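I opened my notebook to keep track of side-chain contacts. These are my entries, in the order I looked things up.

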Amino acid sequence: MAEAESGSGGGRAGRRLPPHSPSGLVLQTVEMHTGGEPLRIIPRLEAAEEAVTARGLSLLSLRREVAATQDHMRRALMHEPRGHAGMYGAVVVRSGAAAAGADLAALFLHGAGYSAMCGHAVMALGRFALDYGLVAAPSCPETAVHLHCPCGPVTAFVPWDGHRSGNPVRFHSVPAFAAATDVAIDVPGHGKVMIDIGYGGTFYAFLSAEQLGLDVHSSKTRDLVSAASMVTEAAKQQFKLHHPVSEDLAFLYGTILTDGKDAFSEEPTTNICVFADEQVDRSPTGSGVTARIALQYHKGLIQLNQTRTFRSSTTGSLFTGKAVKEARFGDYNAVIVEVSGEAYYTGTATFTVEEEDSLKHGFFFR
């Protein structure tokens, strides 16, 4: 968040900002999207930088701190009237233990809280980091941008012509793995279904929409969202997750319904991701692609460096993904996954707050 500009209460015809509270709260953002999924970037959150500098907080610790003390900022930017039910954001952190020597660190925000990983955001932040001078010595024709995410270090590879970043952007994931396969759960209204659970920086449940009597191509989005949310809640109750490094990351982020086409093919496979509190990803979901590739590799359906194309059922946008290297993560056999997509700028914004506004920190309407 930026420093407040002077003259907040005056009636000057030429002022740069509308009237806002004497506290001077001014929220400045860079707006982007990747595959249709929005990203509202907060280049600087003063409270976060102070916590990192003064107290040496790690990124996971900072995530807890921001959730406890600055959540009104998330709600103000993600919720209406400044945001909407599908808004997504990222707070950029550049100093201290939180950045861990990377070009930048990021806290990921959504309508219901905070995520551990976001692939579409990583691709957008890769471009942002280059265009806003966060990388000390960018190289042509492609620059590696090192990001620290709550789930761990991730590297984005961004086209760079010496003046401006470009597309496509690709990133290499944290170690991704199959947490469980062919797990039977009971879903209210649908009976017993079989799910896989994959980790791509965060955990997702996967199953074909057909198991729920639906089709990712033709069913109404509200029906897909309702069914996926029921799967998420059932899986949370009936299956306990474990993360090899931090129990802070041992949560089920959402459910991804697929067209069931998991065997390798040159043709795109379609899915829809429903995460957090029934939020729908407009893109094919970068961390979801990562987890789905890990599951397919675990099952022997794909080999290293076999590229698959993933289509969003909501916008038709495309990501590609492939397993590029085997790894070990705790007790899990894992893979590093490369995901590629296109991220674009849509503008910049300056948001102000008036203290007497009863809805100043936003409201959530679905």
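Aromatic pairs came up as the opening search: I got 12 of them across the whole structure. I'm noting here that this is a predicted model.

I picked out Tyr199 and Phe329. Their ring centres are 6.4 Å apart and the planes sit at 25 degrees, so I wrote the pair down as stacked; the limit for stacking is under 30 degrees. Where do Tyr199 and Phe329 lie in the chain? I found Tyr199 in strand 10 (residues 191-199) and Phe329 in strand 16 (residues 318-329), so I have a pair that links distant parts of the chain, 130 residues apart. Tyr199 is buried, with a relative accessible area of 0%. Phe329 is buried too, at 14%, because buried means under 20%.

My next pair was Tyr253 and Phe275. I noted 5.1 Å between the ring centres and 40 degrees between the planes, so this pair is tilted. Tyr253 belongs to strand 12 and Phe275 to strand 13 (residues 269-275), so the pair ties together parts 22 residues apart in sequence. I checked burial, and both Tyr253 and Phe275 are buried. I also saw that they belong to a cluster joined by ring pairs, along with Tyr88, Tyr204, Phe206 and Phe251.

Then I turned to salt bridges and got a count of 11. I started with Arg64 and Asp248, whose closest N and O atoms are 2.1 Å apart. Arg64 is in helix 2 (residues 59-69), while Asp248 is in the loop between helix 6 (221-238) and strand 12 (252-258). I jotted down that the two are 184 residues apart, a link between distant parts of the chain.

Last entry: helix 3 (residues 71-78), where I found Arg74 and Asp71 three residues apart, about one turn of the helix. They form a salt bridge with the closest N and O atoms 2.7 Å apart. Asp71 also meets Arg75 in a salt bridge, 3.4 Å from N to O. Arg75 and Asp71 are four residues apart in helix 3, so about one helical turn separates them. I put all this down as a network of salt bridges linking Asp71, Arg74 and Arg75. Arg74 and Asp71 are buried, whereas Arg75 counts as partly exposed at 30% relative accessibility.

Methods: Residues are numbered from 1 along each chain as its sequence is written. This is a predicted model: local features need pLDDT of at least 70, side-chain atom pairs count only at pLDDT 80 or more; totals for chains, interfaces and linings use all residues. Side-chain values use heavy atoms; hydrogens and water are left out. A salt bridge is a side-chain nitrogen of Lys or Arg within 4 Å of a carboxyl oxygen of Asp or Glu. Buried means under 20% relative accessible area, exposed over 50%, partly exposed in between (1.4 Å probe, protein chains only). Rings of Phe, Tyr and Trp (its six-membered ring) pair if their centres lie within 6.5 Å; planes under 30 degrees apart count as stacked, over 60 as edge-to-face and the rest as tilted.
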